[in-house]
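Student: I'd like to talk through this model with you. Can we start with the ligand and then move on to the helices?

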Amino acid sequence: MIYLFVVGLTAAVTTALPPSRDLNALVNLSAERLLLADRVAAAKFGTDQPIEDPVRERQVLDRAAAMAAEAGLDATGTVAFFRAQIEAGKAVQRGLFDRWARHPERAPEHRPDLATEVRPHLDRITAAFISRLAATEDLRAATRQCGELLVSAKRAADRRHRLDPLHERALNGAIAPVCTG
Ligand SMILES: C=C(O[C@@H]1C=C(C(=O)O)C=C[C@H]1O)C(=O)O
């Protein structure tokens, strides 16, 4: 009950954004989430915590679906969008594990705490995503306009975050569902 109230309140606040004319903020959030995968990987590398955690994934997707419903977004499409974010994030984690195993000198020295530091940040990004998905609902269709806006937003995010090939490829996967309507 309290949970539903909090979800409702969050959605009411997060959907208050005016409609967007571009996809820049949405794609930027995807890039930010992928950069956070570096901290997720740093939290897990050298521990027995696996990259993939199906229980946590279910929680992320269920929360996104609940928030989508509150915001009047299509739950199936929203879950597909978050599934793409999760898969892209795991691809980054795998790439970093591989890199750090081959070059231990490049492995992070600090191990952030997944539960208290990193996942709360990911949860805030989920709420921001819902808000941005609602603000871009009109733009996100299988149209040429959406495709062009997506290419432009992707270029802007690549430049802004100076993404390396690992993150750049992952971002391609993360934004693939944006123009599927
Ligand atoms: C980010 C994590 O790693 C993986 C990716 C997840 C995600 O992108 O939300 C969730 C669980 C894990 O499968 C995590 O464990 O929190």
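Student: How do the residues of the shell around the ligand divide into nonpolar, polar and charged?

Tutor: Bearing in mind that this is a predicted model, the shell around the ligand divides into five nonpolar residues, one polar residue and six charged ones.

Student: And which residues are around the ligand?

Tutor: They are Val-40, Glu-52, Asp-53, Arg-56, Glu-57, Val-60, Ile-86, Gly-89, Lys-90, Leu-114, Arg-119 and Leu-122, and the elements that give two or more residues to this shell are α3, α4 and α5 (114-135).

Student: Let's take α3 and α4, then: at what angle do they cross?

Tutor: The axes of α3 (residues 54-70) and α4 (residues 75-102) cross at roughly 145° and come within 9 Å, and the crossing is right-handed.

Student: Which residues meet there?

Tutor: From α3 there are Glu-57, Val-60, Leu-61, Ala-64, Ala-65, Ala-68 and Ala-69, which meet Ala-75, Thr-78, Val-79, Phe-82, Arg-83 and Ile-86 of α4; the residues of this contact divide into ten nonpolar, one polar and two charged. Glu-57, Val-60 and Ile-86 are also among the residues around the ligand.

Student: Switching to α2 and α6, how are they oriented to each other?

Tutor: Helix α2 (residues 24-44) and helix α6 (residues 144-161) pack at an angle of about 45°, with their axes 9 Å apart, and they are therefore oblique to each other.

Student: What makes the contact?

Tutor: On the α2 side it is made by Asn-24, Val-27, Asn-28, Ala-31 and Leu-35, and on the α6 side by Ala-153, Lys-154, Ala-156, Ala-157, Arg-160 and His-161, a set that divides into six nonpolar, three polar and two charged residues.

Key: Residues are numbered from 1 along each chain as its sequence is written. This is a predicted model: local features need pLDDT of at least 70, side-chain atom pairs count only at pLDDT 80 or more; totals for chains, interfaces and linings use all residues. Axes are lines fitted to C-alpha atoms, for helices over the stretch in contact, and angles run from 0 to 180 degrees between N-to-C directions. Helices (H or I, at least four residues) and strands (E, at least two) are DSSP runs, numbered from the N terminus. Angles under 35 degrees count as roughly parallel, over 145 as roughly antiparallel, 65 to 115 as roughly perpendicular and the rest as oblique. Two residues are in contact if their C-beta atoms, placed from the backbone, lie within 7 Å. Ala, Val, Leu, Ile, Met, Phe, Trp, Tyr, Cys and Pro count as nonpolar, Asp, Glu, Lys and Arg as charged, and the others, Gly among them, as polar. A crossing is left-handed if the near helix is turned anticlockwise from the far one by less than a right angle, and right-handed if clockwise. A residue is near a molecule or strand if its C-beta atom, placed from the backbone, lies within 6 Å of it.
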